[in-house]
There are 2 protein chains.
Amino acid sequence: MNCIIAQSGGPTSVINASVVGLVEGNFEKNIFKNVYGGLNGIEGILKGNIINLSKMSKVELDTFKHTPSSGLGSCRYKLKDYKIDETDYIKLIDILNSLNIKAFFYIGGNDSMDTTNKLSAFAKEKNIDIQFIGIPKTIDNDLVFTDHTPGFGSAAKFIATSTLEAYLDSTVYTNNGIFILETMGRDTGWLAASTALATIEGKQVADFIYLPEVPFSEEQFILDVKSRFKEKNHVFIVASEGIKNKYGDFLGSINDNTTHDSFGHAQLGGVANYLKNLIIQSKVTNRVKTLELGVLQRCALHCSSKTDFEEASMVGKAALNYVSSGYSGYMVGIKRDTNTPYKSSTFLVEANKVANKVKYFPKEWINPKGNNITKDALLYLKPLISQLNQLNFYDYLPKYKVFNR
Amino acid sequence: MNCIIAQSGGPTSVINASVVGLVEGNFEKNIFKNVYGGLNGIEGILKGNIINLSKMSKVELDTFKHTPSSGLGSCRYKLKDYKIDETDYIKLIDILNSLNIKAFFYIGGNDSMDTTNKLSAFAKEKNIDIQFIGIPKTIDNDLVFTDHTPGFGSAAKFIATSTLEAYLDSTVYTNNGIFILETMGRDTGWLAASTALATIEGKQVADFIYLPEVPFSEEQFILDVKSRFKEKNHVFIVASEGIKNKYGDFLGSINDNTTHDSFGHAQLGGVANYLKNLIIQSKVTNRVKTLELGVLQRCALHCSSKTDFEEASMVGKAALNYVSSGYSGYMVGIKRDTNTPYKSSTFLVEANKVANKVKYFPKEWINPKGNNITKDALLYLKPLISQLNQLNFYDYLPKYKVFNR
């Protein structure tokens with residue numbers, strides 16, 4: 001009796017820790033003979049691209065565990081409703097049966113929970129004896145029910161550290177102008193909010209933080225920036241890629257030919273440049289610099305949270321235990337047991353309750369002006385970036401290993 | 001009898017280590033009663049913005065030492081030739097005399113060595129008993145005579161680490177397209193070359209590395225990229241911000257209204273986007289992603305080289321010793337004594353020999369095709385990123401302290 005684990009959607013720094021957490025759990029408990037790894041998610045499994053993770057050495061697995069970005073490869077493959085087209089479902093079940101696979105673990109975000117839910121429902125309806133469990137991951141921290149998602153804490157730690165360093169870089173002259181830092185985060189402000197953790201001698205370095213949860217007013221923005229610039233001769237602005245105006249248009253795509261991924265999500269980018277142009281056109285100053293942190297946010301394991309890394313491993317291991325208790329069609333969630341000292345545990349939530357839903361940054365954690373976050377938000381965020389994750393090194397650089405390339 | 005130290009030009013991650021190295025050296029040897037810090041370089045000193053570093057606590061100094069980016073503030077202030085206008089010179093000497101300052105240390109690049117040289121020449125001509133010594137810093141590694149510059153090793157370590165991580169991020173799908181990473185470096189390719197240090201299982205991750213030292217051919221570029229893309233369905237390209245076509249035009253500024261800083265240097269940027277458009281227009285693929293590492297290259301102390309940090313401190317301490325031996329008008333250089341094990345020491349070079357000169361990446365370290373670097377270059381680069389610099393932490397983030405804000 002075997003199981004399989006695969007990765008889907010955008011990478012995170014700690015997504016491989018969930019894979020190895022499960023493999024290690026299985027070494028301890030011997031629930032399955034082999035833990036297979038599906039390469040490139042559902043898309044690769046449907047082509048039979050499968051490896052045997054139980055055959056890897058401890059050293060290989062440890063190196064893989066300490067490697068950022070989906071090391072089994074990923075996909076953005078949307079399963080059709082099986083009531084409309086069963087083809088993929090039947091093919092997949094055939095492949096799983098041919099390897100005597102009785103449990104399928106899918107690491108991903110809300111799209112992947114949709115896949116997990118559909119597969120589990122199909123198996124139940126057809127009396128197929130295979131369990132399907134979702135394991136959460138996303139830097140965006142936008143999954144409902146779970147307190148937070150593995151991957152977020154490490155992204156937040158890298159973003160907060162970079163904010164601190166970019167702030168120092170942006171203030172060396174007497175005439176520094178304005179600095180705009182753009183974070184990822186899609187429709188939610190969790191990543192942008194994490195820049196508030198960056199402080200120098202107790203003072204938050206970001207003057208303003210703009211989240212997608214607040215409709216963006218260009219008029220108010222220019223008033224705020226103008227006034228702060230007059231006062232300090234420098235403004236440090238953080239903007240999420242997903243901020244929208246009152247008409248619901250993404251600022252980052254107003255001047256673009258917006259492209260969409262296969263789930264219909266707009267591919268964002270360009271908010272920092274949009275705001276830069278706005279500031280220059282409004283004659284606040286011509287000295288405006290921008291920084292898009294880009295993909296480093298989801299792969300900078302060199303600056304990651306050990307708490308996040310350990311929780312990523314924990315949800316992998318927990319998924320194995322839940323399967324051995326007979327569950328299917330669920331996602332593993334993280335529960336915050338206590339905040340000081342920080343302690344967390346896992347629980348289960350139906351995958352269909354998570355699928356295609358979005359957890360927004362809470363309104364009550366945004367200041368009344370809509371351009372910063374509150375202290376309560378900081379209390380939530382801080383433990384998630386705690387401790388520095390230690391890496392393996394080779395030739396003075398992190399030693400990384402992947403299986404899909 | 002006192003001395004003063006100040007910082008000029010673009011920041012680096014380890015520039016404050018040179019300041020504190022000198023202060024620590026003076027604690028040991030008691031050469032000067034006080035080490036003053038000039039805020040915002042010459043520009044601030046001319047306004048009397050001066051602090052006393054010898055009065056800082058050991059903890060403050062250690063925190064400041066482990067803080068990236070010019071913590072005394074910086075400037076880009078070009079002194080006129082004193083034969084044309086002595087005003088600034090006389091004003092500066094008056095301020096130095098009022099504080100009984102007998103030595104002036106200026107940390108900077110080739111522009112700052114121009115300043116050091118002019119001030120020293122003026123003092124000698126007027127029989128003014130003040131010594132002027134330059135201390136090198138620049139992430140660009142473009143100073144002549146010195147084997148390398150403090151700041152470069154840390155930038156190279158962050159760039160190589162980010163290259164590794166961005167490569168992993170760029171290869172998770174079956175259809176990954178093309179990834180373009182843009183580095184800083186102005187007219188020289190040292191920073192772009194450092195991406196060659198990034199390897200997975202011994203194999204360099206970057207397919208092509210384009211340096212400013214090689215005139216860029218769009219035709220050859222498209223041929224190279226097309227062929228590699230056909231072969232691997234993925235190409236990882238590194239481009240320096242300073243690459244130029246055969247007419248000497250910066251690729252990053254062809255579509256821009258180029259702005260210039262006060263030294264007349266073009267402000268670069270946008271090479272990655274230029275190449276992206278080129279690839280799309282040439283119909284290689286539409287799937288092209290870009291990453292500009294931006295200012296993080298010069299401030300990411302969280303991922304810096306301990307060797308670089310220690311050398312930054314070493315050149316500060318050495319400058320003090322050279323002054324006590326009577327030198328003026330020189331820059332401290334770094335000599336590589338042995339490569340295995342790596343050992344370095346300091347020497348002196350006349351500041352006017354360094355001023356306004358540029359050390360290019362050697363032609364013999366570039367491959368015949370002009371799109372990669374050689375093994376000899378790697379032997380040069382590798383020791384400079386050795387060991388990981390350890391930081392102070394507070395609330396799970398690096399603890400940083402500056403004096404100019």
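Predicted model: local features only at pLDDT ≥ 70, side-chain atom pairs only at ≥ 80, totals over all residues.

Modeller: Residues are numbered from 1 along each chain as its sequence is written, chains are lettered from A and ligands numbered from 1 in the order in which they are written, and side-chain values use heavy atoms, with hydrogens and water left out.

Biologist: Which helices and strands does chain A have, in number?

Modeller: Helices (H or I, at least four residues) and strands (E, at least two) are DSSP runs, numbered from the N terminus. For chain A they come to 13 helices and 15 strands.

Biologist: What does the radius of gyration say about chain A?

Modeller: The radius is taken over C-alpha atoms, and the globule rule is 2.2 Å times the number of residues to the power 0.38. A compact globule of 405 residues would have a radius near 22 Å, and chain A agrees because its radius of gyration is 22 Å. The C-alpha trace of chain A spans about 70 × 50 × 40 Å along its principal axes.

Biologist: Where are the domains of chain A?

Modeller: Domain bounds come from an automatic or database domain assignment. In chain A, domain 1 is made of 2-138 + 303-356 + 392-398, and domain 2 is 152-298. Their C-alpha centres lie 33 Å apart.

Biologist: How many residues of domain 1 and domain 2 of chain A are in contact?

Modeller: Contact means heavy atoms within 4.5 Å. By that rule, 13 residues of domain 1 of chain A touch 11 residues of domain 2 of chain A. Buried area is the accessible area (1.4 Å probe) that two parts lose on being put together, summed over both. These two domains of chain A bury about 1100 Å² between them, with 54% of it on carbon and sulfur atoms. On the side of domain 1, A:Arg76, A:Asp111 and A:Cys303 lose the most area to domain 2, together 44% of what that side buries.

Biologist: How many salt bridges and polar contacts are counted between the two domains of chain A?

Modeller: A salt bridge is a side-chain nitrogen of Lys or Arg within 4 Å of a carboxyl oxygen of Asp or Glu. A polar contact is a pair of N or O atoms within 3.5 Å; within protein, one must be able to donate a hydrogen and the other to accept it, and residues adjacent in sequence count only if both atoms are side-chain atoms. Between the domains of chain A there are 0 salt bridges, and 3 residue pairs are in polar contact (both at pLDDT 80 or more).

Biologist: What is found between chain A and chain B?

Modeller: The two chains bury about 4700 Å² between them, and carbon and sulfur atoms give 62% of that area. Chain A contributes 61 residues to the contact and chain B 61 residues. The count between these chains is 6 salt bridges; one pair is A:Asp395 with B:Lys382, whose closest N and O atoms are 2.6 Å apart. Polar contact joins 29 residue pairs across this interface (both at pLDDT 80 or more). On the side of chain A that touches chain B, H6(A) gives the largest share, 10 residues.

Biologist: Which parts of chain A does the salt bridge of A:Lys401 and A:Glu60 tie together?

Modeller: The closest N and O atoms of A:Lys401 and A:Glu60 are 3.9 Å apart. A:Lys401 is in the segment after S15 of chain A and A:Glu60 in helix H3 (residues 58-65) of chain A, so the pair ties together parts 341 residues apart in sequence.

Biologist: Where is a cis peptide bond located in chain A?

Modeller: The bond from A:Thr340 to A:Pro341 is cis, with omega near -5°. A:Pro341 belongs to the loop between strand S12 (330-339) and strand S13 (342-350) of chain A.
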